[in-house]
Amino acid sequence: MAWILSATAIFLLGVYKSRHGVLLQPRLRNIFISSILLLALAWNVRAHLPNSNIDNLIDLSFHFFGASLLVALFGFWSAITLLFIVALIGVFGISGDLVETSRHYVLVSVIPALFACGVMKAVQTLLPKHLFILILGNGYLAAFISTFATGLLIYGLQQYFQITSFGSSDPLGWFLGLLVLSFMEGSLSGMLLAILLVYRPQWVSTYQEEQYMSA
């Protein structure tokens, strides 16, 4: 019940915070629907990490999470609002389990989005306004760090709550798998962000043309 209440509260807060943001822009309605459906599909095309099974706190497996990319495109609050719908379609629609859906939403949607948002703010504050830096920082680096940091956090929670089934017989293999997973997430996010900046820059909320093109 705690997972369900937490997920619902975060979603409602996201709706409230993004009520004046990009979610209400009719011109972006199609990209919202496409993002939700494609990401829900991507969540169900996966390969499992070593020694993972259904007794884990969370099923951290090889698939495209997309939280960082949505933050780069639509901002943090809009992203976690959309990710809630993704979780309903991609997890609840398949398993019918609200607890699993809520847990997946909090651990591999909201937490990576928080890490990604922090990385993007650091890139924007500390580094020059250059298009390559935007792609590298908000695309690759934010996705890599958010995925890797979330994986470490989940592993720590597994150990703290003594859920030892998750990679307990091969922790090195699990961490190497996490590195590959993070690299894949960063590469896909960076590539997709670069494509969108070229063909649909108006979809990327972290891009301000007057700043980056003048630089």
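Helices here are DSSP runs of H or I with at least four residues, strands are runs of E with at least two, and both are numbered from the N terminus. By that assignment, helix α3 is followed by Gly75, whose phi is positive, near 90 degrees. The structure is a predicted model; its mean pLDDT is 81, and 82% of the residues reach 70 or more. The protein contains eight helices and two strands.

**Overall architecture**

- Along the sequence, the elements occur in the order α-α-β-β-α-α-α-α-α-α.
- The protein has 215 residues, of which 45% count as buried.

- The buried set consists of Ala67, Ser68, Leu69, Leu70, Val71, Ala72, Leu73 and Phe74.
- These buried residues of α3 pack against α2, α4 and α5, and also against α6 (131–160) and α7 (171–199).
- Gly75, with its positive phi, comes after α3, and α4 covers residues 76–95.

- At Leu88, α4 bends by about 25 degrees.
- The buried residues of α4 include Phe76, Ile80, Leu83, Phe84, Ala87 and Val91.
- Ser78, Thr81 and Gly90 are also among the buried residues of α4.
- Packing partners for the buried residues of α4 are α1 (2–17), α2 (29–43), α3 (67–74) and α5 (98–126).
- Just after α4, Gly96 adopts a positive phi of about 70 degrees.

**Aromatic pairs**

- Eight aromatic pairs are found in a search of the whole structure.
- For Phe11 and Phe84, the ring centres are 4.1 Å apart and the planes meet at 20 degrees; the pair is therefore stacked, given that planes under 30 degrees apart count as stacked.
- Phe11 belongs to helix α1 and Phe84 to helix α4, so their pairing ties together parts that are 73 residues apart in sequence.
- Phe11 is buried at a relative accessible area of 18%, and Phe84 counts as buried at 15% relative accessibility; the cut-off for buried is under 20%.
- The rings of Tyr140 and Phe144 are likewise a stacked pair, because their centres are 5.9 Å apart and their planes are at 25 degrees.
- Tyr140 and Phe144 are four residues apart in helix α6, and so about one helical turn separates them.
- In general, an α-helix has 3.6 residues a turn, so residues three or four places apart point the same way.
- Tyr140 counts as partly exposed, with a relative accessibility of 25%.
- One aromatic cluster is formed by Tyr140, Phe144, Phe148 and Phe183.

**Model confidence**

- Over residues 50–58, pLDDT stays under 50.
- For residues 50–58, the model has 29 contacts beyond four places in sequence.

Key. Residues are numbered from 1 along each chain as its sequence is written. This is a predicted model: local features need pLDDT of at least 70, side-chain atom pairs count only at pLDDT 80 or more; totals for chains, interfaces and linings use all residues. Side-chain values use heavy atoms; hydrogens and water are left out. Buried means under 20% relative accessible area, exposed over 50%, partly exposed in between (1.4 Å probe, protein chains only). The expected span of a helix is 1.5 Å times one less than its number of residues. The bend at a residue is the angle between axes fitted to the seven residues ending there and the seven starting there. Contact means heavy atoms within 4.5 Å. Rings of Phe, Tyr and Trp (its six-membered ring) pair if their centres lie within 6.5 Å; planes under 30 degrees apart count as stacked, over 60 as edge-to-face and the rest as tilted. pLDDT is the predictor's confidence in each residue, from 0 to 100.
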